[in-house]
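My notes follow in the order I took them.

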Amino acid sequence: PVIWYTVYLTDTDEIVASGTAQECIKALGMTRHSFYCTVSQSTLGQRTKYTFFKEHIKKEDLPQ
């Protein structure tokens, strides 16, 4: 399976990125390290600029 991220602005719930980690990193202009640190902080309940929703999707079900 692949992890599919949907990234929201915490203050407005606006979707700012969705896709694989690499796609979201590029869309947000983050480094790989800062992306995963922010995901971790958000998952632990710390308030961050972004809120992350993660889904496990089969590769064959990924959008083309």
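**Entry 1: the helix pair.** I started with how helix 1 and helix 2 meet. Their axes come within 10 Å and cross at roughly 105°. That makes helix 1 roughly perpendicular to helix 2, because angles from 65 to 115 degrees count as such. I then listed the residues that make the contact. Helix 1 brings Ala21, Gln22, Cys24, Ile25 and Leu28. Helix 2 brings Arg32, Phe35 and Tyr36. I note here that this is a predicted model.

**Entry 2: helix 2 itself.** I checked the span next. Helix 2 runs over residues 32-43, 12 residues in total. From its first C-alpha to its last it reaches 17 Å, close to the 16 Å expected at 1.5 Å a residue. Which residues of helix 2 are buried? I found Phe35, Thr38, Val39 and Ser42. They cover an arc of only 100° around the axis, so they sit on the same side of helix 2.

Just after helix 2 I stopped at glycine 45, which takes a positive phi of about 90°.

**Entry 3: cysteines.** How many disulfides does the structure hold? I counted zero. I went to cysteine 24, and it is in no disulfide. The nearest cysteine sulfur is that of cysteine 37, 16 Å away. That is too far for a bond, because a disulfide needs the two sulfur atoms within 2.5 Å.

Cysteine 37 is partly exposed, at 31%.

**Entry 4: glutamate 14.** My last stop was a loop. Glutamate 14 lies between strand 1 and strand 2 (15-19). Its relative accessible area is 45%, so I logged glutamate 14 as partly exposed. Which residues does glutamate 14 touch, leaving aside neighbours within four places in sequence? I found Val7, Tyr8 and Leu9. Glutamate 14 and phenylalanine 52 are 38 residues apart in sequence. In space they are 12 Å apart, C-alpha to C-alpha.

Definitions and conventions: Residues are numbered from 1 along each chain as its sequence is written. This is a predicted model: local features need pLDDT of at least 70, side-chain atom pairs count only at pLDDT 80 or more; totals for chains, interfaces and linings use all residues. Side-chain values use heavy atoms; hydrogens and water are left out. Helices (H or I, at least four residues) and strands (E, at least two) are DSSP runs, numbered from the N terminus. The expected span of a helix is 1.5 Å times one less than its number of residues. Buried means under 20% relative accessible area, exposed over 50%, partly exposed in between (1.4 Å probe, protein chains only). The arc is that of the directions from the helix axis to the C-beta atoms. Axes are lines fitted to C-alpha atoms, for helices over the stretch in contact, and angles run from 0 to 180 degrees between N-to-C directions. Angles under 35 degrees count as roughly parallel, over 145 as roughly antiparallel, 65 to 115 as roughly perpendicular and the rest as oblique. Contact means heavy atoms within 4.5 Å.
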